[in-house]
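Please open the structure in your viewer, keep the sequence beside it, and follow the stops below in order.

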Amino acid sequence: MTFYDIIKNLDWEQETRSIFSKTAADVQKALTKSGNIDGEDFKALVSPSAQLFLENMARASYKITRQRFGNVIHMYIPIYLSNFCENKCVYCGFNATNKIPRNVLDDKSIIEEIKVINQYPFKHILLVTGEAPAKAGVDYFINAIRLMKKNFSQISLEVQPLNTNEYKQLVSEGLHGVYIYQETYNEKAYPKYHLGGKKSNYHYRLETPERLGMAGVHKIGLGNLIGLEDWRTEAYYTFLHLSYMRKTFWRSKYSISFPRLRPFAGEGFQPNVETTEKDLTQLICAYRIADPDVELSLSTRERAFYRNKAMALGITSMSAGSKTGPGGYGGNNELEQFAVNDDRDPFMVADSIRKNGFEPVWKDWSLYMQMA
Ligand code: SF4
């Protein structure tokens, strides 16, 4: 049975109504079942009724996180290798119809970016590209991983979905994790955000985590783009996906990220659904209470003030110092995918982590050492 078999008979609107109908008693019940949460409990934790219990949820989330992860926050940095993209996602500046300067980094440019990043002790790097296999396909990723291995012990990807054999090939090269977001689980709404290119195939994207599991990828990142459809219903489907993956591919570790679309001035795509920092807090706590072992990751899309607070809520992984375009670390800011909200230097982020009583960890697992 695939994950799609589980959700194909669910009705999005009905699930949304079910979440909104949860009561305070449902939330209280869910709070007594940490780590043993079913779908109905999770609905309660993300429901409007749970907003009255945010302090209880935050306390529970803090306690569970410290028990499972200790006092550490893992740090990573993304490197954008290419902004070519064949897809037409209405919410993204890299989309194929945008007339923007494009670039794909060659070896020399990658090495220059690495040199800048190496001012900091990062050992986990996330390789990011748009989705344009003719410009950055499997051979390109293999080469990039080989260049990275000399400097980083943990290498993850956030690129176009690949097939199982391609993922296996990358794992044998030293790939540690892959982050793939469904953007929206609402199958009916999906086409209006994805107007063209391979990403318009809802099913191929949805099945990607299963291909990752089959390929033996060590860490699999799931999530949705917050701001497209109702965030509570998206979270419920993401939770179902996480639960399915845990049962089916139990050897892999899992991560949930919270990419949140923010309203911005001027023309361009605006979020359909507002998700506030309070809502985000509820989401983070709900996932932690539901799944004590899942990595919860918060990027520089969020402002420094909120990221400092979120450390105590259940977040276990953070990017820092991020540039969101190819060549960004060398000073090219023309090619950015989005403007970051937390532009602190990585050492400043690490200092804030310490001041909040946590320990920044620049790597958590050394694949390279294990393979050597
Ligand atoms: S979100 Fe990804 S796939 Fe979509 S246009 Fe942007 S880079 Fe391309």
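**Helix 5 and its cover**

Select helix 5 first: the cover over its buried residues includes strand 1 and helix 13. Helices here are DSSP runs of H or I with at least four residues, strands are runs of E with at least two, and both are numbered from the N terminus. Before going further, note that this is a predicted model, in which local features need pLDDT of at least 70 and side-chain atom pairs count only at pLDDT 80 or more, while totals for chains, interfaces and linings use all residues. Residues are numbered from 1 along each chain as its sequence is written.

Within helix 5, colour Met 57, Ser 61, Ile 64, Thr 65 and Phe 69, which are buried. A residue is called buried if 20 or more other C-beta atoms lie within 10 Å of its own, exposed if 12 or fewer do, and partly exposed in between, with the C-beta atoms placed from the backbone. Seen down the axis of helix 5, these buried residues fall within an arc of 100°, so they line one face of the helix; the arc is that of the directions from the helix axis to the C-beta atoms. On the face turned away from that buried side you will find the exposed residues Glu 55 and Gln 67. Helix 5 has 16 residues and reaches 21 Å from its first C-alpha to its last, close to the 22 Å expected at 1.5 Å a residue, where the expected span is 1.5 Å times one less than the number of residues.

Next select helix 13, residues 277-290, where 10 of the 14 residues are buried, so the helix is largely enclosed by the rest of the structure. Its end C-alpha atoms are 20 Å apart, which agrees with the 20 Å that its 14 residues should span. The buried residues of helix 13 pack against helix 4 (39-45), helix 5 (54-69), helix 12 (231-248), strand 6 (253-257), strand 7 (295-298) and helix 14 (304-310).

Now pick Ala 286 in helix 13, one of its buried residues. Not counting residues up to four places away in sequence, Ala 286 touches Phe 42, Leu 45, Val 46 and Ala 235; two residues are in contact if their C-beta atoms, placed from the backbone, lie within 7 Å. Ala 286 is also among the residues with the most contacts inside the largest nonpolar core, which has 93 residues, and the others named there are Leu 45, Val 46, Leu 81, Ile 125, Leu 127 and Ile 284. A nonpolar core is a set of buried Ala, Val, Leu, Ile, Met, Phe, Trp, Tyr and Cys residues joined through C-beta atoms within 7 Å.

**Helix 6**

Move to helix 6, residues 107-117, and select its buried residues Ile 110, Glu 113 and Ile 117. Seen down the axis of helix 6, they fall within an arc of 60°, so they line one face of the helix. Lys 108 and Lys 115 are exposed on the other side of helix 6, while the cover over its buried residues includes strand 1 (72-82) and helix 7 (138-149).

**Around the ligand**

Which residues are around the ligand? Select Cys 85, Asn 87, Cys 89, Cys 92, Phe 94, Asn 95, Gly 130, Glu 131 and Lys 199, where being near means that the C-beta atom, placed from the backbone, lies within 6 Å. This shell divides into four nonpolar, three polar and two charged residues. In that division Ala, Val, Leu, Ile, Met, Phe, Trp, Tyr, Cys and Pro count as nonpolar, Asp, Glu, Lys and Arg as charged, and the others, Gly among them, as polar.

Glu 183 lies in the loop between strand 4 (175-179) and helix 9, and has a positive phi of about 70° although it is not a glycine. Is Glu 183 buried or exposed? With 24 other C-beta atoms within 10 Å, Glu 183 is buried.

Gly 227 sits in the loop between strand 5 (219-222) and helix 12, and 21 C-beta neighbours inside 10 Å make it count as buried. Gly 227 and Asn 272 are 45 residues apart in sequence and 5.8 Å apart in space, C-alpha to C-alpha.

Finish at Asn 356, in the loop between helix 15 (346-355) and strand 9 (359-361). Asn 356 counts as partly exposed, with 15 C-beta neighbours inside 10 Å, and, leaving aside neighbours within four places in sequence, Asn 356 is in contact with Asn 308, Met 311 and Ala 312.
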